[in-house]
Amino acid sequence: MRRLSIRTEDNINLKGFLFTSKVKTKKCVLFIPGLEGNYIECDFIDLLAEVFTNNNYDFLCSHIRSSMQMFNSQPRLGEKYPILTGAAFEKFTDCTLDINAWMDEIVSLGYSEIYVVSHSYGSNKMIYYLNRVHKYDNYLKKIVLISPIDCVGRNRKRHNYTELINTAQKNIQEGNGKQLMFCGFFYQTYENFIDFMTNPSVDNFPIFSLGSKNFNEFNNIKIPKILVYGEQEHKYVEIINDLIDRKIINSSLYVVKGANHNYIGSEKELAKDVFKLMGSELQ
């Protein structure tokens, strides 16, 4: 395993881990993690890396700025201060800077075929990225989107949603927009929380709208793709199957038996199934 360090266009320092197969290959799998998803905490990454490298693919586990709640992006030589960033401070649209930097790195390393595996909020970011950045379309071969979430729809179902919105708006009006608020299982600034809930770009997989909103960004993806969910994600599986039957979503769905959203206890099954799907004919 080789540790990589890259810089985004806006000078954020990101780390990644490159797992290599025993044979020289032009194929590389890029893993895009979910919110606060990182190599330390996500147990299925090692299993994914193992199954792919055993089959002549290299595997890059990327960290993006939302991989950590908060972290200091170290300054370049000659710069005075680090940049405080992380999931608490990111704007959703910043994801293009992170993903593009990793795409640049993969191509600079000599790979000519890129396969993407993304998880949770990282899948929503890949949907956004693939609709706006086409620099590497000729390199991208297939994408497996694991458990993309309906970020906006899920948060609007929370019992304290109105209270959170009112609190955030009040603090922004009072000049406290950059202070942190607790939004369920992580922190965001008041400004970022409002952006998260009102930016139409975030709402690119609106499952809980039950078809009343469009899936144009997802359906516009021309790269062969497939959706993967855990069997325990009952509501998502039920709704997505219905939307596929109604031709609102142009993808097929694969369900990992017994798995939850984070695939805890189902790591081996997920890795085996994702590899099998990557080698099959995707829509």
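I207 is in contact with D150, F215, Y236, I239, I240, L243 and I249, leaving aside its neighbours within four places in sequence. The model is a predicted one. I207 also belongs to the largest nonpolar core, where I207 and F205 touch the most other members.

**Nonpolar cores**
- The largest nonpolar core holds 66 residues.
- Another core, of 30 residues, lies apart from it; F17, F52, V117 and Y263 are among its members.
- In soluble globular proteins, nonpolar side chains tend to be buried together.

**Helices α2 and α3**
- Helix α2 covers residues 95-108 and helix α3 covers residues 121-132; their axes come within 9 Å and cross at roughly 80°.
- An angle from 65 to 115 degrees counts as roughly perpendicular, and α2 and α3 are therefore roughly perpendicular to each other.
- On the α2 side, C95, T96, I99, N100 and M103 take part in the contact, and they meet K125, M126, Y128 and Y129 of α3.
- By class, this contact of α2 with α3 has six nonpolar, two polar and one charged residues.

**Helices α1 and α9**
- The axes of helix α1 (residues 44-53) and helix α9 (residues 267-278) come within 8 Å, with a crossing angle of roughly 40°.
- α1 and α9 are therefore oblique to each other.
- Their crossing is right-handed.
- F44, L47, L48, V51 and F52 of α1 make the contact with E267, K268, L270, A271, V274, F275 and M278 of α9.
- The residues of the α1 and α9 contact divide into ten nonpolar, no polar and two charged.

Technical notes
Residues are numbered from 1 along each chain as its sequence is written. This is a predicted model: local features need pLDDT of at least 70, side-chain atom pairs count only at pLDDT 80 or more; totals for chains, interfaces and linings use all residues. Side-chain values use heavy atoms; hydrogens and water are left out. A nonpolar core is a set of buried Ala, Val, Leu, Ile, Met, Phe, Trp, Tyr and Cys residues joined through side-chain atoms within 4.5 Å. Buried means under 20% relative accessible area, exposed over 50%, partly exposed in between (1.4 Å probe, protein chains only). Contact means heavy atoms within 4.5 Å. Axes are lines fitted to C-alpha atoms, for helices over the stretch in contact, and angles run from 0 to 180 degrees between N-to-C directions. Helices (H or I, at least four residues) and strands (E, at least two) are DSSP runs, numbered from the N terminus. Angles under 35 degrees count as roughly parallel, over 145 as roughly antiparallel, 65 to 115 as roughly perpendicular and the rest as oblique. Ala, Val, Leu, Ile, Met, Phe, Trp, Tyr, Cys and Pro count as nonpolar, Asp, Glu, Lys and Arg as charged, and the others, Gly among them, as polar. A crossing is left-handed if the near helix is turned anticlockwise from the far one by less than a right angle, and right-handed if clockwise.
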